[in-house]
Amino acid sequence: MGMVGDWLKSGDGGARTSGRLRVGSMASGAEVSLPYVALRGARPGRTLWLHGQVHGDEINGIVAALQFVRGLDAEAMSGNVVVTPTGNPQALDARRKRNPYDELDLDQSYPGNVDGLITERVAHALMNEVKGVADVLINLHTMNPLFDAPPYTVYKHHPASGITEDQLLAAIACFHPHLACRQDVGGKGELPGNIAGALDYQCLAAGTLAFMLELGSGSRLQPNNVALAERGFAALAQQMGILPGTQAPSPASLRTVSRRGWVTAREGGLFVPRYQAGDLVKKGQSMGDLLGMDGSATPVPVFERDGILIGLRSDPVVHTGERLAFVAWEWADRQTPRVA
Ligand SMILES: [Zn+2]
């Protein structure tokens, strides 16, 4: 067990601490470490872990997690709350998605490697703390700065975890997400890369209920999305029995997505959408126009089936092959499961 778990078990009664998990150092001597804040409730109970970011330019989750933990009173709690505001401090400082020193994607690098590249080392340092300590972990993200998106969730299923889809959806519903996307760990048709290296998937493998909460756009503060996350943390902590009081009601149903993909540009130009992020685009409709420098306007190819715009490009400058929208292609509305 790591330092945080040891501290949670080291005493009785309500207490709060903060510190840093040392990973290594820079040539200058500056420490590379992961900051944390931990609250031990006055009475024992379950542990909720909020992981503010894995990608360095995704900001809303850090702010939400830090504001939430500031407002907690350990004396009123039965169980624990841990916040690791950033899992990727070098990328945060550089205002970039990836660590500039090795260019790896941290959310494809879990469970990490204690002897590996720096991204693999920070991944290992976090997993070492989470394992055997967190009952529920939220892996906080945003889309990149070029896109708009209403808050949504992404979850995976790990067959050996013993954690059911119903348990995941009952926790996810606390956040009133626009969509709950079930991601195939094979990853076909979404993004290249090692989806099984995501923090939430590796947490599931370790027996921790975990999912991704996507809070809008990167590189900026979006107060409405931060507030939605804070309300969701409180509702989930109540659902877990950590916080007193009556949980704010979850939505009666969730829209779960089973297939999604990117729509990319055939030609360069300035993309002017006819829709907003979150909208349904019907079969046969075009999402918008590409303006050419000769004064032309060319509609982008029509949808061959209905699609929901999970995220929509808000930076109009596009080149061939760049992404215009992230689209849900198959979905179903299902009743929110009750907590077992
Ligand atoms: Zn991300």
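Colleague: How many helices and strands does the protein chain have, and what makes a stretch count as one or the other?

Modeller: The chain has 7 helices and 17 strands. Both are DSSP runs numbered from the N terminus: a helix is H or I over at least four residues, a strand is E over at least two.

Colleague: Why is the chain called as compact as a globular protein of its length?

Modeller: Its radius of gyration is 20 Å, and the globule rule gives 20 Å for 340 residues, so the chain is as compact as a globular protein of that length. The radius is taken over C-alpha atoms, and the rule is 2.2 Å times the number of residues to the power 0.38. Along the principal axes, the C-alpha trace spans about 70 × 55 × 35 Å.

Colleague: What should I keep in mind about the numbering and the model itself?

Modeller: Residues count from 1 along each chain as its sequence is written. The model is predicted: local features need pLDDT of at least 70 and side-chain atom pairs pLDDT 80 or more, while totals for chains, interfaces and linings use all residues.

Colleague: Which domains does the chain have, and where do their bounds come from?

Modeller: There are two, domain 1 (3–251) and domain 2 (259–330), with bounds from an automatic or database domain assignment. Their C-alpha centres lie 31 Å apart. The contact takes 12 residues from each of domain 1 and domain 2, where contact means C-beta atoms, placed from the backbone, within 7 Å. On the domain 1 side, 8 of these residues are nonpolar, 2 polar and 2 charged. In that count Ala, Val, Leu, Ile, Met, Phe, Trp, Tyr, Cys and Pro are nonpolar, Asp, Glu, Lys and Arg are charged, and the others, Gly among them, are polar.

Colleague: What makes the phi angles of Glu103 and His176 worth a mention?

Modeller: Most residues other than glycine have a negative phi. Phi of Glu103 is near 65 degrees, and that of His176 is about 45 degrees, positive although it is not a glycine. Glu103 sits in the loop between α3 and α4, and His176 in the loop between α5 (165–172) and β8 (180–182). The α3–α4 loop also holds Pro111, joined to Tyr110 by a cis peptide bond with omega about 5 degrees.

Colleague: What makes a group of residues a nonpolar core, and how many belong to the largest one?

Modeller: The members are buried Ala, Val, Leu, Ile, Met, Phe, Trp, Tyr and Cys residues joined through C-beta atoms within 7 Å. The largest such core has 93 residues, and those with the most contacts inside it include Ile172, Phe211 and Ile310. Helix α7 gives the most, with 7 residues, and each domain supplies at least three. Ile172 touches Phe211 and Leu254, among others. Ile172 is also one of the buried residues of α5, whose cover includes β5, β9 (209–214), α7 and β10.

Colleague: How do you know that β10 and β17 pair?

Modeller: Pairing requires at least two DSSP bridges. Strands β10 (253–264) and β17 (323–335) have 11 and run antiparallel, with Val257 partnering Trp331. β15 (307–313) is joined to β17 by 4 bridges, also antiparallel, and there Leu312 stands opposite Ala325.

Colleague: Why are β14 and β16 called edge strands?

Modeller: They belong to an open antiparallel sheet in the order β14-β13-β11-β16. β14 (297–299) and β16 (317–318) each have a single partner strand, so one side of each is left without a neighbour in the sheet.

Key. Two residues are in contact if their C-beta atoms, placed from the backbone, lie within 7 Å. A residue is buried if 20 or more other C-beta atoms lie within 10 Å of its own, exposed if 12 or fewer, and partly exposed in between; C-beta atoms are placed from the backbone. Lists of a residue's contacts leave out its neighbours within four places in sequence.
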